[in-house]
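Hi everyone, thanks for coming along.

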Amino acid sequence: MAHDLDRCRVFGVEGELLAEGFVREQEASSLLVEAEHFSGRWLSPGDPVVVEVLSAVQGECTFDAAVTWSEARRIGLAGLRLRERLQKRAAVRVPVELPHRVLERVVGTVREPLEEPLDIVVLDVSAYGLRFRTRAEVETGTHLALTFTATRRPLDLVLEVVRVQELRSDHAYGSRLVDPDERTTDALFTFVLDEQRRQLAERRDSF
């Protein structure tokens with residue numbers, strides 16, 4: 001069974017995007033795709049295709065496969081042969097606008113309270129870092145302790161500020177997670193995929 005409805009794209013062998021959606025069921029050599037929309041020609045039994053699956057567990061996997069059946073919103077695929085697996089979790093990020101408050105910084109292994117709370121807005125999230133904006137000036141190399149509350153369970157993160165971008169009225173900071181464990185990166189990557197799905201559904205419903 002697929003992990004929490006992994007995203008999926010189906011291509012023709014010449015690279016044409018034919019369908020995009022989610023993996024409803026997955027076995028060793030077969031997939032059931034729930035397609036949100038078809039953007040190319042109709043699929044017929046026996047058609048060869050290339051399938052990309054973005055999985056929170058396995059990263060991005062590319063398979064060769066063949067269509068077994070196709071109807072309005074579902075596609076059956078069989079004969080899966082793994083072509084490539086890429087651990088691209090660090091590159092997969094989602095834009096958000098999530099207010100948070102930072103109360104502490106980290107110096108070495110010690111947490112120290114900030115003189116004033118740092119109000120930030122998280123602008124995008126990946127499994128290994130965040131980008132946020134704030135009116136305050138923060139030096140690169142600073143380590144901040146953040147309780148990230150948008151995931152299914154709050155995550156206690158330590159962020160190292162690695163770059164800054166000057167905006168009109170405030171600053172945008174890129175940060176990386178400091179020594180995250182696998183549970184933390186898995187939770188963040190799952191959040192990224194869930195949020196991508198939510199935003200895609202929201203855009204689809206607005207049409």
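A quick word on terms before the tour: two strands count as paired if DSSP finds at least two bridges between them. Strands are DSSP runs of E with at least two residues, helices are runs of H or I with at least four, and both are numbered from the N terminus. Please keep in mind that this is a predicted model, where local features need pLDDT of at least 70 and side-chain atom pairs count only at pLDDT 80 or more, while totals for chains, interfaces and linings use all residues. Residues are numbered from 1 along each chain as its sequence is written, and side-chain values use heavy atoms, with hydrogens and water left out.

Let's begin with the barrel. Six strands close it in the order 7-8-9-12-11-10, with antiparallel pairing. On average, neighbouring strands of this sheet are turned by 45 degrees against each other, direction ignored; the axes here are lines fitted to C-alpha atoms, and angles run from 0 to 180 degrees between N-to-C directions.

Now around the strands. Strand 7 and strand 8 are joined by 12 bridges, and Arg 105 sits opposite Glu 112 of strand 8. Their hairpin has two residues between the strands, and Gly 108 in the turn has a positive phi of about 65 degrees. Strand 8 then joins strand 9 through four antiparallel bridges, with Val 125 facing Leu 130 in strand 9. Further along, seven bridges link strand 11 (residues 155-166) and strand 12 (residues 171-177).

So what about the inside? A nonpolar core here is a set of buried Ala, Val, Leu, Ile, Met, Phe, Trp, Tyr and Cys residues joined through side-chain atoms within 4.5 Å, and buried means under 20% relative accessible area, with exposed over 50% and partly exposed in between, using a 1.4 Å probe and protein chains only. The largest core has 27 residues, of which Val 125 and Phe 148 touch the most other members. Helix 1 gives the most to this core, with five residues. There is also another core apart from it, of 19 residues, including Val 10 and Phe 63.

Strand 1 (residues 7-12) and strand 2 pair antiparallel over five bridges, and Gly 15 in their hairpin takes a positive phi near 100 degrees. Strand 2 also runs antiparallel to strand 3 (residues 30-38), with seven bridges. Seven of the 10 residues of strand 2 (residues 17-26) are buried, so this strand is largely enclosed by the rest of the structure.
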